[in-house]
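Reader: I have a structure to go through before setting up some calculations. Could we discuss it in short questions and answers?

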Amino acid sequence: MATMPSHGLRHVTTVRPWLRNFRSATTLAALPSSPSAEDSERAESKEKPKPKPSSYFPKRGQSLELVCESLAFKGKGLCKVSETGFVVMCDRALPGERFIGRVTRKKGTYAEVTKVQTLSPHWDFVDAPCEYASYCGGCKTQSLSYEAQIRAKEHQVRELMINFGKVSPTELESIMKPIVPCDIQFRYRNKMEFSFGSQKWLPKESLHERQDGIENYALGLHAPGFFDKVLNVDKCLLQSEPAEMVLAAVQQSWRDPQLGLSPFDVYSHAGFLKHLMLRTGRNVKTGLPELMVNFVTSSYKPELLKPLLQRITAIPEVVSVMNNVNTSVGNTSLGEVEYTLYGKSSITETLRGLTFQISANSFFQTNTHQAEILYKLIEDCAGLRGEGSEIVLDLFCGTGTIGLTLARRAKHVYGYEIIPQAIADACLNAELNGIRNATFVQGDLNKIDESFGNNFPKPEIVISDPNRPGMHMKLIKFLLKLKASRIVYVSCNPATCARDLDYLCNGVVEKNIKGCYKLKSVQPVDMFPHTPHIECVCLLELC
Ligand SMILES: C[S@@+](CC[C@H](N)C(=O)[O-])C[C@H]1O[C@@H](n2cnc3c(N)ncnc32)[C@H](O)[C@@H]1O
């Protein structure tokens, strides 16, 4: 389908008042307001007086006609109620889309709506290649052109850096680099986890087709907001071709009543099959893909899996079939015990010239292609002299991938991580690559005390790659006291990233904490096309 014509609203870049509304309802509520943001808000309000958004609050169940202005937190569409400017967030509303939304939830100073009917479609429309795109929680923006997706992500980072990071717009202009797009927009994921379920999720219009028993079984992805319902999928365009073949082979046979297989039921806790995890790596000698299939089951009954095993091991890329047994009533994919049903117990992948061994439960960057680019950016920011004289502190090191890629040019790398298995993998990966100047330690970085800095020599470079909540204040205080020359902050959540950058640069006045860093660069990277996720690599230098 042809691209939809754009109109005047498309290039609106200063929509900051929503952040003021939105901020108080997020985990960032405690942030002091940004003078630069307030100044620009004041400037805007002088130009165009509007009724105070706080004086208006739509009722639950109320229908509103809305236009989505941009994408915000979690990729939700940001809209403002006409006349009042009141902020409304809507899942799956895309920029430019005019629609009727029904208010479902009031959240602090904004409301959430669900889309009832699209009146006119969004800008930059493209046909979504995946048949499940409009239901699946994975790819929410597949029908938005890729160019528009990355523009929206870049815009989001810019807004957050100005409003939460308190970087002035002029300064940001000189330090924020254009987002690095992902050249591969499909088949980029090396890991997919599908769930077995006894209740198939159906779109509203097909609910009358609901059947009982086997017909209601599903293997696929949880429908957004439903822990008990699974959207049955026969393919997923994000995974590799061999993984696609395995999924098809399992789908063709697992419901056969003669096999006696049943999905785990989250209510009755009966049933055998919990998850199907597919991981794609690469044979380091041949460069060809190799695949691990991991069945997560509620008990250990290998004879039940035998017929499936026969089918999937006929696919040449399958080199490992694992069985993680999780007997708990919960539905997590981590097994208490792990069995190798076929082939090897791990697969391999290469990243920045190093080899990594990946087992069923070890963490590894899910987009290997883009991780190469991300890690190169991190290396560039770290700016190691290469004489082997500098100490690197790798915080939130996972399986040590970043630290190990830097170890070649460093004197020593010290990595910290909370998950013991990840630390074990990091040590194994160091050994596998003949790296002896790296030490990985298990520990909770949210619980460090005064003595933390005694565990390693003073580093010149700190890499910090926290998960979504960002860094704990204890760690911020530690870094401000440590005063390493450079901090490379890698983030998968630009909101908490902007907050932490502000703390490191400007301190926290209420807590009498002084900042001592200067933000030198902000580089957004798109690791996951069609999803709301945004990665950023930021460089801070000691003032
Ligand atoms: C975004 S991942 C980064 C992993 C690694 N740097 C990489 O690139 O592969 C964040 C890591 O932080 C770890 N983590 C989360 N909370 C932690 C905490 N409180 N203390 C230490 N590590 C933590 C997670 O287990 C995870 O491995």
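Reader: Let us begin with H269. Is it buried, partly exposed or exposed, and why?

Author: Please bear in mind that this is a predicted model. H269 counts as partly exposed, because it has 13 C-beta neighbours inside 10 Å, and a residue needs 20 or more to be buried.

Reader: Where does H269 lie?

Author: H269 is found in the loop between α5 and β9. Its phi is positive, about 65°, although H269 is not a glycine.

Reader: Is K166 buried or exposed?

Author: K166 counts as buried, because it has 22 C-beta neighbours inside 10 Å.

Reader: Let us turn to the overall make-up. How many helices and strands are there?

Author: The protein has 11 helices and 21 strands. It consists of 543 residues, of which 43% count as buried. Among contacts between residues at least 6 apart in sequence, 65% join residues at least 24 apart.

Reader: What is the strand order in the open sheet of 7 strands?

Author: The order is β8-β7-β6-β9-β10-β11-β12, and the pairing is mixed. At the edges are β8 (230-232) and β12 (337-343), each of which pairs on one side only. On average, neighbouring strands of this sheet are turned by 30° against each other, direction ignored.

Reader: Which helix packs on that sheet?

Author: Helix α5 (residues 241-253) does, touching β6, β7, β9 (273-282), β10 (289-297) and β11 (318-325). The direction of α5 makes about 155° with that of β9.

Reader: How do β6 and β7 run, parallel or antiparallel?

Author: Strands β6 (residues 191-197) and β7 (residues 218-222) run antiparallel and are joined by 3 bridges. In this pair, S195 stands opposite G220 in β7.

Reader: A change of topic: which residues come nearest to the ligand?

Author: F396, G398, I418, L445 and D465 come nearest, out of 19 residues around the ligand. By class, that shell has 11 nonpolar, 5 polar and 3 charged residues.

Reader: Why is β16 described as largely enclosed?

Author: Of the 6 residues of β16, 5 are buried, so the rest of the structure largely encloses this strand. I391 stands opposite H412 in β16.

Reader: Finally, which residues of the largest nonpolar core touch the most other members?

Author: They are I378, I463, V488, V537 and C538, in a core of 113 residues. Helix α7 (residues 368-382) gives the most to this core, with 7 residues. Apart from this core lies another, of 20 residues, including L78, C79, F86 and L144.

Reader: What does I378 touch, not counting residues up to four places away in sequence?

Author: With that exclusion, I378 touches I402, I463, V488, V490 and V537.

Technical notes: Residues are numbered from 1 along each chain as its sequence is written. This is a predicted model: local features need pLDDT of at least 70, side-chain atom pairs count only at pLDDT 80 or more; totals for chains, interfaces and linings use all residues. A nonpolar core is a set of buried Ala, Val, Leu, Ile, Met, Phe, Trp, Tyr and Cys residues joined through C-beta atoms within 7 Å. A residue is buried if 20 or more other C-beta atoms lie within 10 Å of its own, exposed if 12 or fewer, and partly exposed in between; C-beta atoms are placed from the backbone. Helices (H or I, at least four residues) and strands (E, at least two) are DSSP runs, numbered from the N terminus. Two residues are in contact if their C-beta atoms, placed from the backbone, lie within 7 Å. A residue is near a molecule or strand if its C-beta atom, placed from the backbone, lies within 6 Å of it. Ala, Val, Leu, Ile, Met, Phe, Trp, Tyr, Cys and Pro count as nonpolar, Asp, Glu, Lys and Arg as charged, and the others, Gly among them, as polar. Two strands pair if DSSP finds at least two bridges between them. Axes are lines fitted to C-alpha atoms, for helices over the stretch in contact, and angles run from 0 to 180 degrees between N-to-C directions.
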